[in-house]
Amino acid sequence: MNTNTALFLAIVHCISAHNEDLCTGLRNQLQEHCSLPESGVIIEGRIGKAGPQGPPGKVNYTLVQEKIEEIYQKFEVRMDNRVDQKTETCSSQIKLLEKRFNSLLTGCEKVSKYGALSWNGTGGIFNIYPDNPQQSIEVYCDLTSDGGGWTVFQRRMDGSVDFYRGWNEYVNGFGEKNKEFWLGLETIHQLTKNGNYELRVDIGNWEGERRYAQYGTFSIAGSNDNYRLTVGDYSGTAGDSMTPRSNGQQFTTKDRDNDGSGGNCAVEWSGAWWYEKCHVSNLNGIYLVGGTGATSKNVAWYHWGNNHVYSFKFTEIKFRRKQN
């Protein structure tokens, strides 16, 4: 039996017998035979991140902790980078979907009540995107009258807003869109400059009756032509008080006289309108509570009753793209 075999059998016997004296003697023989260092002396290079258990190495827990922290930090960086990449990708996809969705909402003909900023049961305020899917215009849409799809540009209902105003205010608009308001001549022009549109005027009296005038032809020119009105092809129940004196006329306000009379019809009749010499409708005139005792300076629509001595309680003027 050679020395290595004898040592091996002795080690096995030591381990199985748990004999401390035998193991101590065996260690002395191993040191002589293998030139091992004394107990407590660590061989250089054996202290690692998690060296072998017991002599001749021992666990350096400081390095273990440092290594764990290093691995965690690298993992955290990788996860942050992945999250940032996913967030950027999702954000780009959301913007693309939003752009595609907005490009469909070119007018009140395309909206749904579920997309309303506010809703009152028959209509509401919406953002539409007529020219640019990233640039919205806030409008009031009537989704009920004659199938809906109407963009409202004027409403009178309680006299809370003064409509006897100057040119710039009528160009830019005023009031609140769910109350009394005027959308603005420039906005009306921009929304109707492409395509064919129709016009509807809803009127209500103080006795609770509602009538309407609808026109199959409607357009408004730009600022270089003082927002000239083209309107025709009447149908409805209120009578035609637009075509006779307003068709083909430029818009007139108290400080911008574009009518065909010798004076300024807006000043004479306390309104702002497409006057000729001067009018059979004056829906931006002075609001008169109760309606009776009115003059042509009030909210007039001559062909409902064939007179100028009644001021109406409710008016709403709106347009929509014509159906093919």
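The following questions and answers concern a predicted model.

Student: Which residues form the negative surface patch?

Tutor: Asp and Glu count as negative. The negative surface patch is formed by Glu-76, Asp-80, Asp-84 and Glu-88.

Student: What accessible area do the residues of the nonpolar surface patch have together?

Tutor: The patch is formed by Tyr-72, Phe-75 and Met-79. Of these residues, Tyr-72 lies in helix 3. Together the three have an accessible area of about 310 Å².

Student: Why are Lys-74 and Glu-70 separated by about one helical turn, and how far apart are the closest N and O atoms of their salt bridge?

Tutor: Side chains of opposite charge can pair when their charged atoms come close. Lys-74 and Glu-70 are about one helical turn apart because four residues separate their positions in helix 3. A salt bridge requires a nitrogen–oxygen distance within 4 Å. In the bridge between Lys-74 and Glu-70, the closest N and O atoms are apart by 3.2 Å.

Student: How many salt bridges does a search of the whole structure find?

Tutor: The pair Lys-74 and Glu-70 forms a salt bridge. For the whole structure, the number found is 14.

Student: Which residues are the closest to the centre of the largest pocket?

Tutor: The largest pocket has a volume of about 290 Å³. Its lining comprises 21 residues, and the closest to the centre are Asn-120, Thr-122, Tyr-140, Arg-155 and Glu-316.

Student: Which strands each supply at least two residues of the lining of the largest pocket?

Tutor: The lining of this pocket has 21 residues. Those supplying at least two each are strand 1 (118-119), strand 2 (123-132), strand 3 (135-142), strand 8 (210-220) and strand 12 (314-321).

Student: What is omega of the peptide bond that joins Lys-277 and Cys-278?

Tutor: Most peptide bonds are trans. The bond between Lys-277 and Cys-278 is cis, and Cys-278 is found in the loop between helix 7 and strand 10. Omega is about 10°.

Notes. Residues are numbered from 1 along each chain as its sequence is written. This is a predicted model: local features need pLDDT of at least 70, side-chain atom pairs count only at pLDDT 80 or more; totals for chains, interfaces and linings use all residues. Side-chain values use heavy atoms; hydrogens and water are left out. Patches are made of residues with over 30% relative accessible area and no salt bridge: like charges are joined within 9 Å, nonpolar side chains (Val, Leu, Ile, Met, Phe, Trp, Tyr) within 5 Å. Accessible areas come from the Shrake-Rupley method with a 1.4 Å probe; for residues, only the protein chains shown count as cover. A salt bridge is a side-chain nitrogen of Lys or Arg within 4 Å of a carboxyl oxygen of Asp or Glu. The place of a charge is taken as NZ of Lys, CZ of Arg, CG of Asp or CD of Glu. On a 1 Å grid over the protein atoms alone, a cavity is a set of points where a 1.4 Å probe fits but cannot get out, and a pocket is an open set with protein on both sides within 12 Å along at least five of seven lines; lining residues have an atom within 4 Å of a point. Grid points are joined across faces, edges and corners, and a volume is the space filled by probe spheres set on the points.
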